[in-house]
Amino acid sequence: MILLLKRFFPSEYVDSINHINYKKLYEEGYRGILFDVDNTLVPYDMEHPTKQIIDLFEEIKEIGFEIALVSNNNEVRITTFNEKLQVLAIHKALKPMTRNIKRAMQSLKLKKKNTILVGDQIFTDIYGGNRLKLKTILVVPISEKEQLITKIKRNTEKKILNYYLKKVKKNDSKN
Ligand SMILES: [Mg+2]
């Protein structure tokens, strides 16, 4: 069973793209990083990269990495998102099919042994990368994190509201 599932296992599992030790990976011999876009870099509905991502990409490039966006999303989405990043960007990549992952690697002159694929989905990103024997890094999908934050907020809201209602009731009964 484990053997069958192994193809879906990432090499690493981290909280977000900010929790990857890029310097260490470069020292280990890796030279290229292929990033998924939606829910890996930004939520689906965010058209442009945040300043944090623009800065992070600069940092990663300064270390010496080649970067590409490899997304299953459409041309408009990916072209727009790449406006401020200006890296190699492949849309409609059809991950977990390997053809377009390979295409990105060829364009950047990368080899299997020095390429990392980063994404939030096991059956597209991780499986696709594993099929090529790349190093694969799974991140927690950004939307799930947002949902968690929303949940915490809702809970806090509820507490405040309960507190408020109690107080109001008390005051009401006084009058
Ligand atoms: Mg994704």
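Predicted model: local features only at pLDDT ≥ 70, side-chain atom pairs only at ≥ 80, totals over all residues.
Select Lys95 and Asp125. The two form a salt bridge, with the closest N and O atoms 2.7 Å apart. Lysine 95 sits in the loop between S4 and helix H5 (99-107), aspartate 125 in helix H6, so the pair ties together parts 30 residues apart in sequence. Both residues are buried.

**Next stop: the magnesium ion.** Stay on Asp36 and show the metal. The protein donors are Asp36 (OD), Asp38 (O) and Asp120 (OD), at 2.1 to 2.3 Å from the ion. Along the sequence, the donor residues follow the spacing D-x1-D-x81-D. Aspartate 36 is in the loop between strand S2 (32-35) and helix H3 (51-63), and aspartate 120 is in the loop between strand S5 (115-119) and helix H6 (122-131), so this pair ties together parts 84 residues apart in sequence. Are these two aspartates buried or exposed? Aspartate 36 has 7% relative accessibility and counts as buried. Aspartate 120, at 9%, also counts as buried.

**Switch to cartoon: the sheet.** Six strands form an open sheet with parallel pairing, in the order S1-S6-S5-S2-S3-S4. Strand S1 (12-14) and strand S4 (88-90) are the edges; each has a single partner strand, so one side of each lacks a neighbour in the sheet. On average, neighbouring strands are turned by 20° against each other, direction ignored.

Three bridges join S4 to strand S3 (residues 66-70), and the two run parallel. Pick valine 70: its bridge partner in S4 is isoleucine 90.

Then select glutamate 12 and lysine 135. Their side chains meet in a salt bridge (3.1 Å, N to O). This pair links distant parts of the chain, with lysine 135 in strand S6 (residues 135-139) and glutamate 12 in strand S1, 123 residues apart. Lysine 135 is buried at 14% relative accessible area, whereas glutamate 12 is partly exposed at 28%.

**Last stop: the surface.** Select glutamate 28 and lysine 24, whose side chains meet in a salt bridge (3.4 Å, N to O). Glutamate 28 is partly exposed, at 45% relative accessible area. Lysine 24 is partly exposed too, at 45%. The search of the whole structure finds seven salt bridges.

Finish on helix H7 (residues 142-174), where tyrosine 164 lies. Show the surface of Leu161, Tyr164, Leu165 and Val168: these residues make a nonpolar patch of about 370 Å².

Note on methods. Residues numbered from 1 in each chain as written. Heavy atoms only, no water. Patch = residues over 30% accessible without salt bridge, like charges linked within 9 Å, V, L, I, M, F, W, Y side chains within 5 Å. Areas by Shrake-Rupley, 256 points an atom, 1.4 Å probe, with all protein chains shown as cover. Salt bridge = Lys/Arg side-chain N within 4 Å of Asp/Glu carboxyl O. Helix = DSSP H or I, 4+ residues; strand = E, 2+ residues; numbered from the N terminus. Donors = N, O, S within 2.8 Å, 3.2 Å for Na, K, Ca; no water. Buried < 20%, exposed > 50% of the residue type's maximum accessible area, 1.4 Å probe, protein only. Pairing = 2+ DSSP bridges. Axes fitted to C-alpha atoms, helices over the stretch in contact; angles between N-to-C directions.
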